[in-house]
Amino acid sequence: MTKIINTDTGEQVILLIQHVFGRHPSTSHTILINPDASRMHATIFWDGEEWLLQDSSSNGTYINGHAVVRGTKQRLHKGDQIHFASLFGDTWKMLDAAPPKSLLVPVTAGLGTIELDHLAVLPSEESPEITMYQSPNGHWVCESQSGISILKTGDLVGCHDQTWRFIEARASEETVFIESSELSTSPQIGIYFDVSQNEEHVSFKLRMDDHEYDLGQRNHHYLLQLLARKRIHDMETGVSETEQGWIDKEELSKMLGQNESHINIQVYRFRKQVVSILPKSFNLPQAIERRSREIRFAYEDIKITGGSQMTDLV
């Protein structure tokens, strides 16, 4: 996240993709106490390549001591010093000029700002009730027991009386509530499981286009291969694509001897593992889909070797 600091007061501000400085509390993201500042004094914004400042004030804005021509856009760099309305007022310094990231800005008092980077959960990794991740087209997706949706700037996210406001690091779009299948616009994906005879050891490989990633053996891979077997069975028995693989969460909990919270933890650990192994340029492939009270494996190109044949889910 990109920050700017008031070197006189020590106040640090995380820059939003379009950040207004001014005296008016309802229209400014950062309020200026200088009486010579305008109600909407200046805007710092990200244009997709760099940070720019545009002055809209009566008394001017200065970058490194030079006045900004009103209405023009001036590039900002790390270390630049900004004065609003007067060179004798507070000095604001750009701490960096990195591209912005999407944020969860606290609405509930006492919470911190959360920088979103590929994957995030609320309220915690130990109890992941809400999962947020980037779809292959770059949208931030929110998944919870109530369903899945694409987030837009201004949306409220949270649980247990803890609420944040989502701020996207690009132009926002109207919220669209979608079916899980619409999220699977990622590259061609193949899934390979290698399962021991007693099914206590499950290896997992992920192929995306021409790249293959070995995720090794993990405890949560057992859950994935169980869901994958159900998907394969339904494909082989002629179940329609939209209905293939769905398992009731309560039934799945009974089969695994685990509550839904523990299943959510396993799904999160898998997603976190995928994020750690994929190149930074890749967005998270959707492996698990959810709908009301049900869960399924997302992909159809599945190969499982070893293990026992699925019986309990059919």
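Where is R293 found? Select R293: it sits in the loop between strand 24 (288–291) and strand 25. Helices (H or I, at least four residues) and strands (E, at least two) are DSSP runs, numbered from the N terminus. R293 is not a glycine, yet its phi is positive, at about 65°. Its relative accessible area is 33%, so R293 is partly exposed. Here buried means under 20% relative accessible area, exposed means over 50%, and partly exposed lies in between (1.4 Å probe, protein chains only).

This is a predicted model: local features need pLDDT of at least 70, side-chain atom pairs count only at pLDDT 80 or more, and totals for chains, interfaces and linings use all residues. Residues are numbered from 1 along each chain as its sequence is written, and side-chain values use heavy atoms, with hydrogens and water left out.

**The whole chain**

Zoom out and show the protein chain as a cartoon. The protein chain has 3 helices and 26 strands. Its C-alpha trace spans about 75 × 40 × 30 Å along its principal axes. Of its 314 residues, 47% count as buried.

Contact means heavy atoms within 4.5 Å. Among the contacts in the protein chain with a separation of 6 or more, 50% are between residues 24 or more positions apart.

Switch to a surface view. The protein chain exposes about 15,600 Å², and carbon and sulfur atoms supply 46% of it. Accessible areas come from the Shrake-Rupley method with a 1.4 Å probe; for residues, only the protein chains shown count as cover.

Now colour by charge. Lys and Arg count as positive and Asp and Glu as negative, while His and the chain ends are not counted. The place of a charge is taken as NZ of Lys, CZ of Arg, CG of Asp or CD of Glu. There are 29 positive and 43 negative charges in the protein chain, and their mean positions are 3 Å apart.

**The nonpolar cores**

Select F193, L206, L252 and F297. In the largest nonpolar core, which has 32 residues, these four touch the most other members. A nonpolar core is a set of buried Ala, Val, Leu, Ile, Met, Phe, Trp, Tyr and Cys residues joined through side-chain atoms within 4.5 Å. The elements that each supply at least two residues of this core include strand 20 (189–195), helix 2 (249–256), helix 3 (260–277) and strand 26 (302–306). Helix 1 (221–236) is also one of them, and helix 1 gives the most to this core, with 6 residues.

Next select V13, F21, I82 and F84. They are among the 19 residues of another core, which lies apart from the largest one.

How many disulfides does a search of the whole structure find? The search finds 0; a disulfide is a pair of cysteine sulfur atoms within 2.5 Å. The closest cysteine sulfur to that of C142 is in C159, 9.7 Å away, which is too far for a bond. C142 counts as buried because its relative accessibility is 11%. C159 is also buried, with a relative accessible area of 14%.

Move to G158 in strand 18 (residues 156–159). G158 counts as partly exposed, at 31% relative accessibility. Leaving aside neighbours within four places in sequence, G158 is in contact with L122, I130, T163 and W164.

From L122, step to P123. A cis peptide bond joins L122 and P123, with omega about 0°. P123 is found in strand 14 (residues 119–124).

Select H160, in the loop between strand 18 and strand 19 (162–167). Is H160 buried or exposed? H160 is exposed, since its relative accessible area is 54%. H160 has a positive phi of about 55°, although it is not a glycine.

K152 lies in the loop between strand 17 (147–150) and strand 18. K152 is partly exposed, with a relative accessible area of 28%.

**Last stop**

Select V105 in strand 12 (residues 103–106). V105 counts as partly exposed, at 28% relative accessibility. Not counting residues up to four places away in sequence, V105 touches T113, W164, R165 and I167. The C-alpha atoms of V105 and T163 are separated by 8.7 Å, and the two residues are 58 residues apart along the chain.
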